[in-house]
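The following note concerns charged side chains and their surroundings. Please read the points alongside the sequence and the coordinates.

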Amino acid sequence: MARKIEPNLRERALFLFSPKKGNEAFLRRVREEREAQTKNSPQMAATGYGNHGASTTLNSMIGWLAGGGSAEDDIDLHGATLRKRSRDLYSGGGLGRSGCATLTTNVVGWGIQPKPKIDGEALGMTDEACDEWERITLREFNLWAESTMCDAERSKDFYTCQELAFRSMLVSGDVFVLFGMKENLLIP
């Protein structure tokens with residue numbers, strides 16, 4: 001794990017009087033330390049990421065000191081803040097909303113579309129019986145999926161629920177879907 005570089009006492013004191021001078025002194029020291037490390041270590045070819053995001057020589061990247069924690073630590077420590085910011089970006093419209101909307105449309109599309117195919121030979125069924133079973137099964141699924149009876153709140157159909165789950169995952173991170181059992185009361 002890389003050591004965390006922090007301003008020394010001189011740089012902190014200088015920062016109190018002039019933040020600009022304190023930052024310049026800190027960045028100068030970091031640059032010098034990295035150049036010394038680079039001279040003492042085998043040279044890596046600066047290609048691909050090394051020329052851009054992983055560069056140790058670009059001025060815009062020298063002050064970018066990222067700690068090397070685990071993904072679990074990052075998510076546990078910062079997940080709530082990231083979720084709040086993500087939801088705020090989405091509710092504010094613009095690119096935050098359009099990115100999620102476009103991705104949802106392209107990934108979910110028309111939603112899960114079942115294509116029942118029964119192995120009639122293994123079940124000892126004729127081709128006609130298999131076709132009939134597949135047709136009835138698809139019809140019953142569509143009756144359920146295209147009605148609001150599939151939603152506990154009775155406000156969305158199955159395809160809208162799929163869109164909602166995917167969009168919620170984009171905006172909030174992990175999403176848990178609960179399959180609750182609620183009695184369907186049909187009023188004649």
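**Note on charged side chains**

1. Asp 151 and Lys 156 form a salt bridge through their side chains, with an N to O distance of 3.7 Å. Both Asp 151 and Lys 156 are buried. The model is predicted, and the distances here should be read accordingly.

2. The count of salt bridges comes to 7. One of them joins the side chains of Glu 11 and Arg 29, at 2.7 Å from N to O. Glu 11 belongs to helix α1 (residues 9–17) and Arg 29 to helix α2 (residues 19–40), so this pair ties together parts that are 18 residues apart in sequence. Glu 11 is buried, its relative accessible area being 3%. Arg 29 also counts as buried, because its relative accessibility of 18% falls under the 20% limit.

3. A salt bridge also links Arg 167 with Glu 163, whose closest N and O atoms are 4.0 Å apart. The two residues lie 4 residues apart in helix α8 (residues 158–172), so about one helical turn separates Arg 167 from Glu 163. Arg 167 is partly exposed at 23% relative accessibility, and Glu 163 is partly exposed at 31%.

4. Which residues form the negative surface patch? Glu 72, Asp 73, Asp 74 and Asp 76 make up this patch. Glu 72 is located in helix α4 (residues 71–91). With 58% relative accessibility, Glu 72 counts as exposed, because exposed means over 50% relative accessible area.

How values were computed. Residues are numbered from 1 along each chain as its sequence is written. This is a predicted model: local features need pLDDT of at least 70, side-chain atom pairs count only at pLDDT 80 or more; totals for chains, interfaces and linings use all residues. Side-chain values use heavy atoms; hydrogens and water are left out. Patches are made of residues with over 30% relative accessible area and no salt bridge: like charges are joined within 9 Å, nonpolar side chains (Val, Leu, Ile, Met, Phe, Trp, Tyr) within 5 Å. Accessible areas come from the Shrake-Rupley method with a 1.4 Å probe; for residues, only the protein chains shown count as cover. Lys and Arg count as positive and Asp and Glu as negative; His and the chain ends are not counted. The place of a charge is taken as NZ of Lys, CZ of Arg, CG of Asp or CD of Glu. Buried means under 20% relative accessible area, exposed over 50%, partly exposed in between (1.4 Å probe, protein chains only).
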